[in-house]
Amino acid sequence: MISMMSSTPLLTSTPASLPVRTIPGSYGLPLLGPISDRLDYFWFQKPDTFFSKRIEKYKSTVFRTNVPPCFPFFGGVNPNVVAVLDVKSFAHMFDMEIVEKANVLVGDFMPSVAYTGDMRTCAYLDTSEPKHAQIKNFSLDILKRSSKTWVPTLVNELDTMFGTFESDISKSNSASLLPTMQKFLFNFFSLTLLGVHPSASPEIADSGFALIDTWLAIQLAPTVSIGLFQPLEEIFVHSFNYPFFLVKGGYEKLTQFVKNEAKEVLNRAQTEFQLTEQEAIHNLLFILGFNAFGGFSIFLPTLLGNLGDEKNAELQEKLRNEVREKVGVKKENLSFESVKEMELVQSFVYETLRLSPPVPNQYARARKDFKLSSHDSVYEIKKGELLCGYQPLVMRDPKVFDEPEKFMLERFTKEKGKELLNYLFWSNGPQTGRPSESNKQCAAKEIVTLTASMIVAYIFQRYDSVNFTGGSLTSVKKASC
């Protein structure tokens, strides 16, 4: 196994140099403790306050607590976790020599395998399981092959999306981002990952993205807040696991679409990676729906929202100037290589991921007894204990990031900025890490940041300025040169 611990000094202080401390905190009384924490988490405090208040209470970034879901209708789910909320302690969660990742994608809770074809997809497998290497290498191969068509496909689909936005603005003075954006994402990832446009199936072309939305929402409902009036959300969303039959019909349409239209990819999965057709279909759907479409559906609106409105004119000017200097306004100049030269654009993407990681919670289970170090103490972790890291707080670690609450466009530029990438965790590992069959780092870690950078660059090739407000694009000023 390959350790994902960084070799940077901040993360490698020897335990002997720090005092050993008993992990503070408590799980409370059976049933009552977990439900009290659940109500705080979802209702009275919300996650940011839930974790930060406990840091203040225990004077520690490492402590025991409970996380949802829990009582009353979650049999076999243990909500007890050890929270790790600074960069140094959080880094242990990606060291595959000391932790394992079997069935802990969303903590001790795991949606029914019925949602994924009665099998555990790669995200739920530990690196020690042989099937993990097969599927991870298959995923990496898909991305490698799709890189040849990734950029022109992205530009073509962005043309369609922003054309729709401009038409909407001309009619109603604003364009709602999410519906059009999700259709763009579904089309783009179908083309790049499956090798087929959804138009091959009229029904999927019209409703494919909505089918994935529903499939995701039903699985994850017990673990996320949806903003429903309380206590209705606690009673009807967070108290039980929703059955698969609610989305079975839609999921079967998606699997049939993959089976019928993605034959080349499925054949390669079977002949080169020794996967069965069913393993390939359901892992492809998970990659497309959960990882790619689901992740970008959260990340992209945040990224565009950070461009903001006219109040962010200086930020937009800096980004626009860099884009125009590197690639001008001709779309054919846009490439992976060209955006790698855009230091500010990439820093903008990294800073968005730091403050608003698409997946806020990370989990890992101790593979063996080990000593976990925070910045100031050492704690003994026992085999089988579940670690939980809440990334929005971890990525605001004041011992690592100056003015951690502030969005700083230049944070990840120059030599100091490159060093900080060792501590940027958003992809199940550090930004400087490399996805492989031996770890759980997102296979698309590199291509995600490059794609986001290309979207930002595309915008400032097409426009001099944009206004994103409240989930809508409210105005654009076409490029003047």
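Reply: A crossing is right-handed if the near helix is turned clockwise from the far one by less than a right angle, and left-handed if anticlockwise. Helices (H or I, at least four residues) and strands (E, at least two) are DSSP runs, numbered from the N terminus. The model is predicted, so local features need pLDDT of at least 70 and side-chain atom pairs count only at pLDDT 80 or more, while totals for chains, interfaces and linings use all residues. Residues are numbered from 1 along each chain as its sequence is written, and side-chain values use heavy atoms, with hydrogens and water left out.

Me: What is the handedness of the crossing of H13 and H16?

Reply: H13 passes H16 in a right-handed crossing.

Me: Why is H13 called oblique to H16?

Reply: Helix H13 (residues 343-355) and helix H16 (residues 445-462) pack at an angle of about 120°, with their axes 9 Å apart. Angles under 35 degrees count as roughly parallel, over 145 as roughly antiparallel, 65 to 115 as roughly perpendicular and the rest as oblique; H13 is therefore oblique to H16.

Me: What is the make-up, by class, of the contact of H13 with H16?

Reply: The contact (heavy atoms within 4.5 Å) includes Phe-348 and Tyr-350 of H13 and Leu-450 and Val-456 of H16. By class, it has 8 nonpolar, 3 polar and no charged residues. Ala, Val, Leu, Ile, Met, Phe, Trp, Tyr, Cys and Pro count as nonpolar, Asp, Glu, Lys and Arg as charged, and the others, Gly among them, as polar.

Me: How do you know that S1 and S2 pair?

Reply: Pairing needs at least two bridges found by DSSP between two strands, and 5 bridges join S1 to S2 (residues 80-84), which run antiparallel.

How values were computed: Axes fitted to C-alpha atoms, helices over the stretch in contact; angles between N-to-C directions.
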